[in-house]
Each structure stands twice: as structure tokens, then as C-alpha cells.
Amino acid sequence: MSIREGRLTRFHTPVEEYDYIIVGGGTTGCPLAATLSEKFSVLLLERGGVATSDPDILYENRSLNPLLYANHDDSPAQNFISEDGVPNTRGRVLGGSSMINFGFYSRANDYFYENSGIEWDMSAVESAYEWVENSIVTRTDGLRKWQASVFNALLEAGVGPDNGFTLDHVQGTKIGGSTFDDSGRRHGAVELLSKANPEYLKVVVHAIVDRVIFSTSKPLAAVGVTYHDSQGKHHEVRVRRGGEVILSAGAIGSPQLLLLSGLGPKSSLLSLNIPVVHDHPFIGQFMADPPRNGINLLVPVRLLDVGVRVVGITKDGPYVESTVVPQIASIITFIPFLNFIPPSNLSVVVVAGKVSRPKSTGSLNLISPFDVTVSPRVRFNYYSHTEDIHQCGKIVEVLNKVLKTPAMGEYKFPGILGHNRFSYIGPSLPKDSSDEESIATFCRTTLATFWHMHGGCLVNKVVDSNLKVIGVNSLRVVDSSTFSSSPGTNPQATTMMLGRYIGEKILNERAASDTRS
Ligand SMILES: Cc1cc2nc3c(=O)[nH]c(=O)nc-3n(C[C@H](O)[C@H](O)[C@H](O)COP(=O)(O)OP(=O)(O)OC[C@H]3O[C@@H](n4cnc5c(N)ncnc54)[C@H](O)[C@@H]3O)c2cc1C
């Protein structure tokens, strides 16, 4: 495998051809590229760089730093603010968002398999998960102080049963896996590229794909892409007959590229003077971002176990996770109300719930009709559906129970007459979970992202059950943009599995068609 800077391939050289061109070397794109390279030539184009020696990317106790230092232009984490006004982030680095995330690893829930619309062969799903897990997932062996307290508190609050350690999605409280190992070192999706056939895989970084190129005669098919490098030079690459262009550019990047390439709602393309290649009304629609709501507590103990290892999967829907905020000398703007740097003998913890399947959805629209580096406008319409407020009320209910447990007792500060109290940074929880108005106010004021956004290229609306773009040959979308619900408590396990799963499926289908012909 060769990893090159985009500028090494010049536009004026003969057009290069590959069996598969994958756009986006992220969480899904890396396992997909590694798998397809077992039999076919693959070009993987990633707009970001390689960050495998950056300590802020590599180490869990520095895992908030990429978000703090994110900019719009070239950092591994790219900041954006949705039109809802909520700060958000997506990966821009080889390995994608798996290189800037918090590493918690947990497989998808049954609801996802049953409702995703993707054609699943569950034994192939199992072996795809194992392929990922045997390489980069650490099975948590023993919890440190804060995660142990959270585990006990969830059980004492009634989020049972105790499921111990498992990678599976099961109701109750469990310890999950992590892409951070026991020494706190990250193993992101980029490491799955080491499983590739190096003869057949070429990775080009700082290669920003501008457009998909289509056939000029019928039937409509993708035949290649154009991209530009960090010097602004343009390149064109093509797929061989029988090959495909596969978009794995994530929930923002994939719908954005389709729209820029002339696939999308006809009226909005025409309003931007983009020539319509194919009218696709649902591209950029059904964008969702499960809300995160919770509390920040200042606790009278110095805690060192940054990161998430435990999740409570409640009967009512919400998932509960918690982390210690690392001791950093900077205000963390993406955690609501955390305008406070604690003294070194104290710690701040965030205890939060995820609305697991928000009914509120929004859309993605282009700002620039030609420049892919201009982030599109995204609106998730958080809490526009009353059912989501109801779900947030369930988060409030379970967090109130968690705070009342004996396991949380030692995290209170001494008060007068022996009445120990929690010290909140920001709003405390509404006490009465039947008071709909105060619940709604709490949910809206403490709203933040869990960074689990999805949608924009949904199955059965934009792509079919094999993730092929409907109405266009030789073009697929394989990433979180195809999901109509967030898979399980945290999505990265499923996105990596999906890359391997679809890669294997393509290899099997090609082998079967070669045998027939
Ligand atoms: C801060 C944060 C914390 C998170 N924590 C967790 C967690 O603890 N556990 C968990 O399971 N999930 C977590 N997630 C979510 C999870 O990481 C994502 O859902 C998942 O990685 C998305 O995978 P993807 O393949 O769809 O997209 P990505 O991994 O984002 O990959 C898309 C890739 O495409 C590239 N790209 C985009 N446009 C172009 C273009 N035009 N040309 C070339 N390349 C392009 C991008 O640079 C990127 O590398 C977190 C996410 C974030 C941001």
C-alpha cells in the first residue's frame, strides 16, 4: 500500500483507472478499502492528512484537544455549527471521525438491523465485527474509580440487569469495548488499512474530491471523480468497467458531494444553477443528530479515568454515559455551561443521556454550488417533535435516580447540618419529571450533540438495500449517511463493520458473476 500526498498525481498525466474509487478514508472507508483490495485495485481519496503521530489524536487523556483546536480549514477535527445553533464536529483525517472520537465501542441494536433497510446476512455481520474487533478493539478489563461508580449507580438506579462486559447491545448496564487500549493509546480505523493488500491499494491524502463524473450516454453511471490537492491542482481518476465509485465521506460529506455532482432535488439544484444529472428528491433529507442532555458536576475528588467504558441501556429508550473531563487549562465550549477550570484537587464529570431514536429530522443544503470546501448548511431540528422531549424527560428521570444512589454519595460536597450536596456547573435536573414545561426548558437549554449524526442518503430513499444509488449505475454510498437510526448506543462499531461487510459482499458478488461468465 502506498500513502501519497495528493500533489504526486498530476492532472496532465494519463487518466488513472482503478476498479474501485473510494471517497473518504474514514471510519467506513478504511475497512472497505482494505477489504476490496484483497482482489481489486482500489484508490482511497481522503481530504485530510495522516495524524498517527499526533499525541492529541493518539492519547485518550488528550482526546478533547482535537476538538478544542479544531478550525474550519485543515485541522483533523472540523468544526461546524448547525443552523440550530449547536456546535458540532466531523473528522478530516485518514481514519475519519474514529481518530477524533471518544473510542467507546458497542455493536448495533436489533432495531437497527430490523429497520435499516440494509440486506443483512447475520453470520457475515458477525464475522465483519470480529475482523474489526480482533485488530483494534480493547476488551475493558476492570473499571477505574469513576466508571466503576457510574456502573454501580446505574444498577442501583434500576438500569438492570448487570450485563458485565459485552460488546453486544443488551438492555441493562454494561461495560463496553474501546478503541483506546489499556495504556490509553488510540487504535482508529486507519489501522484497518494494514490488513489491505499493499499491491492493490493506493491511498492519497489531502485529496479533496470535488465531483463524481458520470457517463455521457445512457444508462446513467458513475465513471470517476475529480479531486484537487493541497496545491489546488486538479486531478481526474476513472473506474474500470465493472468497478464503482463508492462514497464514504460521512453524513455531511456524502450528501454534499452528490448534490455538487448534480444528483438531488431538482428544484434546489436548479436554484443554485447546478446542472441536474438525476432528480433525487431525498438527497440531503432526513438528517438527524441524537441529542445529548445532562449535567456537569464538580466533584470533591481528583479523578483520572477520562473516557467512557460504561453505558446504561434503559427500558424506556435513552442511553446513559458519563466521563471525567480531562484537566485542561482551557474552557470547553462544546460542553454546555462548562465555563470553569476546576482546581487540581477537584474534577468535573459530565453525566448525560442520549435520545436514542430522535423523530426530529432536518436537512442539508449547499451554500456553495461549486466549492466542496465550503461546509453545507445543516439543520437537525432538535426537539421539533414532542416525542423527543418525552424521551428527554426519561433521561431526566433516570439521571435523578442515579444521583440519589449510594454509589454517588461520595461525590457530594459537605453541607450544613450534614446535608451533603452536589455542586452543579450549569443547570441542575428538574426534580419533577411530570412537569412538562420545566422538562422542555431543561432539554432545550442543555442540548448538545453526541456527535452521532446520520442521514442524508437514506436506504430506500436514496440508496437501495445494497447501498447502490437508485437510478445510477456503479455508484454506492457506504457510511453513516445511509442510516435512518443511530445504531446502538454508539455508532462506530457499526460503521466499521459496515465497511467490511459491504466490501465482502461486493467481493462475493464479483466472484459469483465471474464464475457465471
Ligand atoms: C467528537 C466525536 C466523538 C465521538 N465519540 C464516539 C464514541 O465514543 N463511540 C462511537 O461509537 N462513536 C463516536 N462518535 C461517532 C463516530 O465516530 C461516527 O459516527 C463515525 O465515525 C462516522 O463514520 P463515517 O465513516 O460515516 O464518517 P467519517 O469517519 O467522518 O469519515 C468520513 C471521511 O470522509 C472524508 N471526506 C469528506 N468529504 C470528503 C471529500 N469531499 N473528499 C475526500 N474526503 C472526504 C472525511 O475527511 C472523513 O475522513 C464520535 C464522533 C465525534 C465527532
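Asp432, Asp435, Glu436 and Glu437 form a negative surface patch. Asp and Glu count as negative, Lys and Arg as positive, and His and the chain ends are not counted. Patch residues have over 30% relative accessible area and no salt bridge, and like charges are joined within 9 Å. A salt bridge is a side-chain nitrogen of Lys or Arg within 4 Å of a carboxyl oxygen of Asp or Glu.

This is a predicted model, where local features need pLDDT of at least 70, side-chain atom pairs count only at pLDDT 80 or more, and totals for chains, interfaces and linings use all residues. Residues are numbered from 1 along each chain as its sequence is written, and side-chain values use heavy atoms, without hydrogens and water.

Now look at one patch member. Glutamate 437 sits in helix 10, residues 436–445. Helices are DSSP runs (H or I, at least four residues), and strands are runs of E (at least two), numbered from the N terminus. Glutamate 437 counts as exposed because its relative accessibility is 65%. Exposed means over 50% relative accessible area, buried under 20%, and partly exposed in between (1.4 Å probe, protein chains only).

Histidine 419 is exposed too, at 54%. Its place is the loop between helix 9 (386–403) and strand 24 (423–424).

Helix 7 covers residues 250–260. Eleven of its eleven residues are buried, so helix 7 is largely enclosed by the rest of the structure. Among them are Gly250, Pro255 and Leu260. Glycine 262 follows helix 7 and has a positive phi, near 95°.

How values were computed:
Patches are made of residues with over 30% relative accessible area and no salt bridge: like charges are joined within 9 Å, nonpolar side chains (Val, Leu, Ile, Met, Phe, Trp, Tyr) within 5 Å. Accessible areas come from the Shrake-Rupley method with a 1.4 Å probe; for residues, only the protein chains shown count as cover. The place of a charge is taken as NZ of Lys, CZ of Arg, CG of Asp or CD of Glu.
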